[in-house]
Amino acid sequence: MSMRDVPEVTTTAGAVRGRREEGLAVFRGIPYARPPVGAARFGAPRPVDRWDGVRDALAFGPPPPQEPVGPETAPAGSTPSGDDWLTVNVWTPDPDPAARRPVMVWIYGGAYKLGSADDPAYDASRLARENEVVMVTFNYRVGVEGFLRIEGAPANRGLLDQVAALEWVRENITAFGGDPEQVTVFGESAGAGSVSALLAMPRARSLFRRAIAQSVPGPLFSEALAQDIAEVLVGGIGLRPTTADLSEVDPRKLTEAGAALGSRMRAYAHRWGPVALTPTAFAPVVDGDVLAATPWEALARGAARDMELVIGHTRDEYRFFLHLDGTLGHRVDEEHAALVLGLFGPAPDAGQAYRAAFPDASAEQLCELVRSDWLFRMPSLHLAEAHTSGGGRAYLYELTFPAPAGDGALGSCHGLDVPLVFGASGGIGDMLIGPVPSPRTEALSARFRSAWTSFAATGDPGWPAYDTDRRLVQVFDTVPAVAPYPEEASRRLWERHVFAPLPLVAP
């Protein structure tokens, strides 16, 4: 390989060397902050140290400490090791500072406790190559390291990492051929929750121009709830949630404590309310500093009125989690349905209201509906409505295309839009689509990629902006259509609900 084939870029911290891959210049594992270890454990991210010479940027950085996904463990050596958790990756058609291409920055999901940019589902090469955009992904702290409320440490350290990564983009992306004035952040699930939080954070406001939030989760924690969860989590290993107690503890011991709490969260439903029946004990905390208000409140006040937003959800969001915990298709009796409707519904009479709104739904369907609404569908809708009422422009969508894997049993479930947007194989794509996409799946994926990259370039994804008169949304399916919001029955049930920080029900 000649030197001309080896792309090099000079960043504010030093020069990096990438590689050519299928017409792109790709750089992996560039540090955007110093490792948050030792005396810096649980601190805000700090500027990266400069280096001399040219640093290889050929491999992803190690993922942040996190709970195992399942009983299987990765083969030895398959996951990068080390403590350089805070790194960025760039795919660019050409690292020419004069190119000034639109930039898209991906924030991964994973219930605020999992995730890493090296997931094959987040391979950004197709988006960058086919659509002439500069793609950026990065790692941020999750779980205990990023979101546990720890005395003596800033709240929402994972969000602070995201701000630091976006600051790196602002300072360096021109050298990679990107336009720092044309940055779009996008994410799914906890990544969408992060995007919505960034919209509400003054310190992030100048760092991007547009945003895409795919399946915005509703749960945010109050200080009291976050503190109680932290006390229970680390109390399980005989410690207190303070920097003095935790700074010297092996991160693996803390991820094990988090996993142990996950298996017994239901026992705390009397204290934590509905969050005890969710898959995660982590969420951003409305702490009054890093996150001073909920995204719904901040956007309704006009905090991001100068930004265009794409916001949406899938039709059958919660079916993914029923599949993961092995309860999809299990019979649910009326007594259990009443309990779930009462816990997750928007009002004390939610059980009666849901049965009236969906008279033909079975007990199982009602449970799935209310959990989809509480967790993702209504938070996403309400964020679009808040942004619109605050003077901004929002484009709403719903994905109704059924996941091809499993003969469509998963429906249009949570996470399906990720492989459709990236057009990448591996990871969740293999689970929901299969290793070989059908022609109609490929066609829908192409529509997603075109809409997302057009939005990044122009602020227009190709369908009308949402308003509360016509309520027009883009429905993504085999035959896409623009139509009034399809989930009108749920919208009416939830129209008076306020997505506030979840309280500590009882100490």
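This is a predicted model: local features need pLDDT of at least 70, side-chain atom pairs count only at pLDDT 80 or more; totals for chains, interfaces and linings use all residues.

Q: Which strands pair in the parallel sense over 3 bridges?

A: They are β2, which covers residues 14–17, and β5, and their pairing is parallel.

Q: In what order do the strands of this open sheet lie?

A: The order is β1-β2-β5, so written because the 3 strands form an open sheet, and the pairing within it is mixed. The edge strands are β1 (8–11) and β5 (54–56), each of which pairs on one side only. Neighbouring strands of this sheet are turned by 35° against each other on average, when direction is ignored.

Q: How do side chains sit along a strand?

A: In a regular strand the side chains alternate between the two faces of the sheet. With that idea in mind, we can turn to another strand.

Q: Which strands does β7 pair with?

A: One partner is β9 (residues 178–188), which pairs with β7 in the parallel sense over 6 bridges. Another is β8 (residues 134–138), which runs parallel to β7 and is joined to it by 4 bridges. The residue M104 shows both pairings, for its bridge partner in β9 is T184, while in β8 it stands opposite M135.

Q: What kind of unit do β7, helix α1 and β8 make?

A: Together β7, helix α1 (residues 125–131) and β8 make a β-α-β unit, and this unit is right-handed.

Q: How many helices and strands are there in the chain?

A: The chain has 17 helices and 14 strands. Along the principal axes, its C-alpha atoms fill a box of roughly 70 × 55 × 45 Å.

Q: What does the radius of gyration say about the chain?

A: This value is judged against what a compact globule would have, which for 507 residues is near 23 Å; the chain has 22 Å, and so the two agree.

Q: What share of the residues is buried, and what share of the contacts joins residues 24 or more positions apart?

A: Buried residues make up 58% of the 507 residues in the chain. Among contacts with a separation of 6 or more, 77% are between residues 24 or more positions apart. As for the surface, the chain exposes about 19,500 Å², of which carbon and sulfur atoms supply 51%.

Note on methods: Residues are numbered from 1 along each chain as its sequence is written. Side-chain values use heavy atoms; hydrogens and water are left out. Two strands pair if DSSP finds at least two bridges between them. Helices (H or I, at least four residues) and strands (E, at least two) are DSSP runs, numbered from the N terminus. A crossover is right-handed if, with the strands pointing away from the viewer, the path from the first strand over the helix to the second runs clockwise. Axes are lines fitted to C-alpha atoms, for helices over the stretch in contact, and angles run from 0 to 180 degrees between N-to-C directions. The radius of gyration is taken over C-alpha atoms; the globule rule is 2.2 Å times the number of residues to the power 0.38. Buried means under 20% relative accessible area, exposed over 50%, partly exposed in between (1.4 Å probe, protein chains only). Contact means heavy atoms within 4.5 Å. Accessible areas come from the Shrake-Rupley method with a 1.4 Å probe; for residues, only the protein chains shown count as cover.
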